[in-house]
Amino acid sequence: MGEQTALLEDIDIKFVTDSKGNRKEVIISYEKFRALMQVIEDHVFLHSPEIQEQIRQSEEDIKAGRYMKVDGNDIGKLLEWLHEGEE
């Protein structure tokens with residue numbers, strides 16, 4: 001949440017107002033626009049039904065003990081373990 005707040009607090013946001021002072025438009029830098037779009041894309045991705053189902057299934061796997069802790073030296077062992085489930 002902190003990153004999202006920082007995106008909105010920077011000073012490179014300009015407001016265009018009407019004659020009564022009501023804010024009507026916002027002008028932001030392209031860099032800020034891309035950062036905001038990334039936040040939106042991440043949110044949409046993470047809340048898609050497919051991803052939510054994968055997260056739910058992963059949580060079930062963890063609760064059932066269907067996982068393996070590895071470090072950099074155990075990658076080969078992990079790949080073997082993953083391929084066992086395919087057979």
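This is a predicted model: local features need pLDDT of at least 70, side-chain atom pairs count only at pLDDT 80 or more; totals for chains, interfaces and linings use all residues.
## A walk along helix α3 and beyond

Let's start with Glu53, a partly exposed residue with a relative accessible area of 32%. Arg56 and Glu53 are three residues apart in helix α3, so about one helical turn separates them. Arg56 itself is partly exposed, at 36% relative accessibility.

Arg56 also forms a salt bridge with Glu60, where the closest N and O atoms are 2.2 Å apart. Here the spacing is four residues in helix α3, which means a separation of about one helical turn. Glu60 counts as partly exposed because its relative accessible area is 40%. Taken together, Glu53, Arg56 and Glu60 are linked in a network of salt bridges. As background, side chains of opposite charge can pair when their charged atoms come close.

Just after α3, Gly65 adopts a positive phi of about 80 degrees. Another salt bridge joins Arg66 and Asp61, with the closest N and O atoms 2.8 Å apart. Arg66 is partly exposed at 47% relative accessibility, and Asp61 is partly exposed at 28%. In total, the structure holds four salt bridges.

Next comes the loop between α3 and α4, where Asp71 has its place. A polar atom of the Asp71 side chain lies 2.9 Å from the backbone nitrogen of Asn73. With 43% relative accessibility, Asp71 counts as partly exposed. Tyr67 is found in the loop between α3 and α4 too, and at 42% relative accessibility Tyr67 is also partly exposed.

Tyr67 leads us to a nonpolar surface patch of about 610 Å², made by Ile62, Tyr67, Val70, Ile75, Leu79, Trp81 and Leu82. Helix α4, residues 75–84, gives the largest share of the patch, with four residues.

Finally, step back to the whole chain. Its secondary structure comes to four helices and two strands, following the pattern α-β-β-α-α-α along the sequence. Of its 87 residues, 8% count as buried. The chain exposes about 7800 Å², with carbon and sulfur atoms supplying 55% of that area. Among contacts with a separation of 6 or more, 17% involve residues 24 or more positions apart.

Terms used:
Residues are numbered from 1 along each chain as its sequence is written. Side-chain values use heavy atoms; hydrogens and water are left out. Patches are made of residues with over 30% relative accessible area and no salt bridge: like charges are joined within 9 Å, nonpolar side chains (Val, Leu, Ile, Met, Phe, Trp, Tyr) within 5 Å. Accessible areas come from the Shrake-Rupley method with a 1.4 Å probe; for residues, only the protein chains shown count as cover. A salt bridge is a side-chain nitrogen of Lys or Arg within 4 Å of a carboxyl oxygen of Asp or Glu. Buried means under 20% relative accessible area, exposed over 50%, partly exposed in between (1.4 Å probe, protein chains only). Contact means heavy atoms within 4.5 Å. A polar contact is a pair of N or O atoms within 3.5 Å; within protein, one must be able to donate a hydrogen and the other to accept it, and residues adjacent in sequence count only if both atoms are side-chain atoms.
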